[in-house]
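Me: I would like to learn how to read a structure like this one, step by step. Could we go through it together?

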Amino acid sequence: MKIEKNTIEYALHAYDTFWEYYKRTLDERNHILNNYLAFVGIPTSIIGVFIENIKNNLNTYRFIIVLVLSIIYILGLVIYSTYVIENIVSQRYLKKINHITQYLIIHFDKKYNNVFLETYELGDLFLDYKNSQRQHINKSFIIIVVNTMIMIVLFLLIVNDLIWYRLLLSISISVIIHVVIYFYHNRQIIHN
């Protein structure tokens, strides 16, 4: 009986620890999105207003604008990369939480009147893996869209004439960069 009690206490302690870390990753992801809007969204809007005000003298400031937008784009990619990592790490914590829950349900639930199934099982609180991934993509979509818009403006400023195939090229390059970042981190974290 004492071994059983210690096992349950240890499992619940691990559950609480992982749950705390999961909540931290959730907070981090929210901070990352807020930081993205502050460090990329606001400067990009200011540059847009600046470009509108100097559109007659755009060639004079073109290099500076391209440089600043390139730095903002790179910052946007770094923030996106950080967001992807936090999402992957949070999935690891949920996997560990679910493993502990399943262990408690399998080994002790019948004896304790389904308390572990009813209290700790997360199936009805969280989306399944496929829908969870879709939700993570939806949340990161604003980052991808704004970064892609910055890439389009960079192409426009660099080539000075945005024809439809250049528009498609700039969109394709930006999307490919974001997809590569996602799969790179996903592979790195899973294999480590």
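Me: Leaving aside its neighbours within four places in sequence, which residues is L157 in contact with?

Reply: Contact means heavy atoms within 4.5 Å. Here L157 is in contact with I51, L58, R62, I65, V66 and L69, once neighbours within four places in sequence are left aside. This is a predicted model, in which local features need pLDDT of at least 70 and side-chain atom pairs count only at pLDDT 80 or more, while totals for chains, interfaces and linings use all residues. Residues are numbered from 1 along each chain as its sequence is written, and side-chain values use heavy atoms, with hydrogens and water left out.

Me: Which residues have the most contacts inside the largest nonpolar core?

Reply: A nonpolar core is a set of buried (under 20% relative accessible area, 1.4 Å probe, protein chains only) Ala, Val, Leu, Ile, Met, Phe, Trp, Tyr and Cys residues joined through side-chain atoms within 4.5 Å. The largest one has 29 residues, and V40, I65, L69, I150 and L157 have the most contacts inside it. Helices (DSSP runs of H or I, at least four residues, numbered from the N terminus) α1, α2 (58-108), α4 and α5 (164-191) each supply at least two of its residues, and α2 gives the most, with 12.

Me: Is N147 buried or exposed?

Reply: N147, which lies in helix α4 (residues 129-159), is buried, with a relative accessible area of 0%. Beyond its neighbours within four places in sequence, N147 is in contact with residues including Y36, V40, Y73 and H178.

Terms used
Buried means under 20% relative accessible area, exposed over 50%, partly exposed in between (1.4 Å probe, protein chains only).
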